Structures are given as C-alpha cells and as structure tokens.
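Let's take a walk through a protein fold together. Have the picture open and follow along as we go.

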Amino acid sequence: MSLRLTLALFAALACGAAPAQDKWPSRPVRLISTSVAGGNIDVMCRIIAEKLSARLGQPVVVDNRPGAATVLGTAEAAKAPPDGYTFLITIMSSMVGNRVLRANLPYDPVKDFEPVTQISTGSVLLIGPANAPYRDLKGFVDWAKKLGRPVSYGSIGVGTSLHLFGVILEKEYGVPLNHVPYKGEVQATNDVMNGTLDVAWVSILIAKPLAASGRIRALAITGPKRFVAWPELATFAEQGFPGFEMPVWGGAYLPAGTPRPIVERLSREIVEVLRTPEVSEKLIAMGQVPIGNTPEEFAENYRRDFPRWEALIRASGAKVE
C-alpha cells in the first residue's frame, strides 16, 4: 500500500510539473536590446518582437538598455532570472570584442548565457559628410593623410566591430584616426552631417536613405561582397583595401540555467519568424542576411568564429580607452 501511494505521489508531481512548463509563456516576455531607440539592433528587435508576440500568445516588450559598448544591456540580461521571461538580442561585440578587450567584464559570455539562435549577419559602411572634399575611399584616405590632424571617427562603442574596423584602417593603411565612441549610430550620423565628426561607421538602415537624399556620402561597405540591398556600393576590398571582409552577426540569448524546453521553443519560434517573407525582406533592406539556426549550431559557430576575431582584435592593437 505504501509503495502504491509513493508511486501515485510521484505520478501526481510529474503530471503537475509538465503542464506548468508547457504554459510558458503565461505573461509578457521582456526582450532586452543593447541599442538606443532607432538603432539597427533596436529596429531588428521590434520587427522580431511583433511577430514573436503573435506566435507566443503573449506580448514581447522591447527594453532598450544601451551603453558601455553593449555591456550594460548584456549584463542586465545575464543577471535576469532563468525562467524564460527575459531574453537578449545583441551584436557580436557583446560576446566577442568585450570578452577580449575588457578584463573586468561583469558577465561571462559563455557561462552566463544560453545561445538561442543567430539572427543574422550584416555589413556596415564608412560614411562622410555630403560636402566632403573626396568622393570615394581612396580619396578619403589621401585626404586624411594630408589633413595634419587625426580624423575623428564614430562608432557605437569601444570594442565593437565598428571600432575594430577603424583600428584596421589606421594600423594597416596608416590613416591617422581618433576614435569617438557613441551610444548609438544615429547620434554619430547626425554629428557627421552637422560637421562635428569627420566620418562614422554605421548600418545600411541608417545610411542608405541619407545617402539617397544627398545628406551624407557613402564610401565603402564591409563584408566579402557587395550587399544585395545596395549593389552599387563597392566593398573595401574592391577599392584596394582588403581586411574588412569578415561579416558581423547578431544573436539571441537567454540567461544560463533556463530550462532546455524553453530555450528550444524560443529558438524555433524566432527561426520561424525569420523565415517569413515579410521579416526576411525587412532585415535584408537593413543590410542583414537572416540566419536562424539551432542553439547547438549557434554555439558551434561561436566556438569556430571566436578565435578568428580574437586574433584579429589582438593583432589590431585595439584597446578600451
């Protein structure tokens, strides 16, 4: 009789636990964005959140936590309860550049997160003011070397891939540069247009409409080939400046310890969102190539890519100011 009661109790507990897990999510989910409002990652988060809300049956609310080259928002996500109600979408710099350059990083990119899926790979470009005395990348480099002072360039923070591309331009091609970190690319772009900043590294989302209206000058785009959404813009390599071919990626993460069924379901749902023509087309127009893979594939890609970026960062001599 005692054995029967014990088995019945275990069965009841098991039955009670399964529905509780199956109910996720039963309340709104917070999506932390490491970007300021209007930035490339912020727009991506909002596109995904809208469609994801419908699939999960609960609101997915974007919470912007920019600052310190994505460190603030990423650290906030790392310390969130591992219950599936907070997840993060951020750029590669959060998990690669910051890991290499910051000794006192307030989170561990590997131990503190569960990879969910890679969202996309993307390219960035170098822009100058519309009235610049140069028309292309070679003209900019020649102008910069004769200027008599370091050229100020903006990025979205120390240790980001945008900062690193500037370091490569300085170290490999002798362009005298002075890095000016910003919280977001919108502010950097505005300062290029008003003349307080010489050039900036920004996304296609920000740059393309401004270049089309003649308010900025697009000089070159990173990546191994021209981007489908801007085929007339030549790459750095095409203009005689190789070294900018590695694409950058963005990904989704949950806090470490999140139950595996939640990790896998969130991954599946985001992948399905990325596969919809509407979302895919919007991301491509932003300069992003949708990926959408499993947590295991994402983790493997990270293990493969990290040593390459680490070697590049260390060789560049990039430092946290």
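## Before we start

This is a predicted model: local features need pLDDT of at least 70, side-chain atom pairs count only at pLDDT 80 or more, and totals for chains, interfaces and linings use all residues. Residues are numbered from 1 along each chain as its sequence is written, and side-chain values use heavy atoms, with hydrogens and water left out.

## The six-stranded sheet

Helices (H or I, at least four residues) and strands (E, at least two) are DSSP runs, numbered from the N terminus. Two strands pair if DSSP finds at least two bridges between them. With that in hand, find the open sheet made of 6 strands, in the order β2-β1-β3-β10-β4-β11, with mixed pairing. The edges belong to β2 (60-64) and β11 (288-290); each has a single partner strand, so one side of each is left without a neighbour in the sheet. On average, neighbouring strands here are turned by 30° against each other, direction ignored. Axes are lines fitted to C-alpha atoms, for helices over the stretch in contact, and angles run from 0 to 180 degrees between N-to-C directions.

Now zoom in on β4 (residues 113-122) and β10 (residues 248-255): they run antiparallel and are joined by 8 bridges. As an example, Glu114 has Leu254 in β10 as its bridge partner. Helix α9 (residues 260-275) lies across β3 (86-91), β4, β10 and β11, and runs at about 15° to β4. Contact means heavy atoms within 4.5 Å.

## A strand tucked inside

How many residues of β8 (residues 199-203) are buried? It's 5 of the 5, so the strand is largely enclosed by the rest of the structure. Buried means under 20% relative accessible area, exposed over 50%, and partly exposed in between (1.4 Å probe, protein chains only). In a regular strand the side chains alternate between the two faces of the sheet.

What does β8 pair with? Strand β5 (residues 124-129) pairs with β8 in the antiparallel sense over 4 bridges, and Leu125 has Val202 as its bridge partner. Strand β6 (residues 151-155) runs parallel to β8, joined by 2 bridges, with Gly154 opposite Ala200.

Most residues other than glycine have a negative phi, and most peptide bonds are trans. Trp24 and Pro25 are joined by a cis peptide bond, with omega about -5°. Pro25 sits in the loop between α1 (2-22) and β1 (29-33).

Ala68 has a positive phi of about 55°, and Ala69 has a positive phi near 55°. Are they buried or exposed? Ala68 counts as partly exposed at 42% relative accessibility, whereas Ala69 is buried at 7%.

## One threonine in a loop

Finally, look for Thr258 in the loop between β10 and α9. Thr258 counts as buried, at 5% relative accessibility. Its side chain reaches the backbone oxygen of Pro255 at 2.6 Å. Leaving out residues up to four places away in sequence, Thr258 touches Pro82, Asp83, Gly84, Glu114 and Val263.

Notes:
A polar contact is a pair of N or O atoms within 3.5 Å; within protein, one must be able to donate a hydrogen and the other to accept it, and residues adjacent in sequence count only if both atoms are side-chain atoms.
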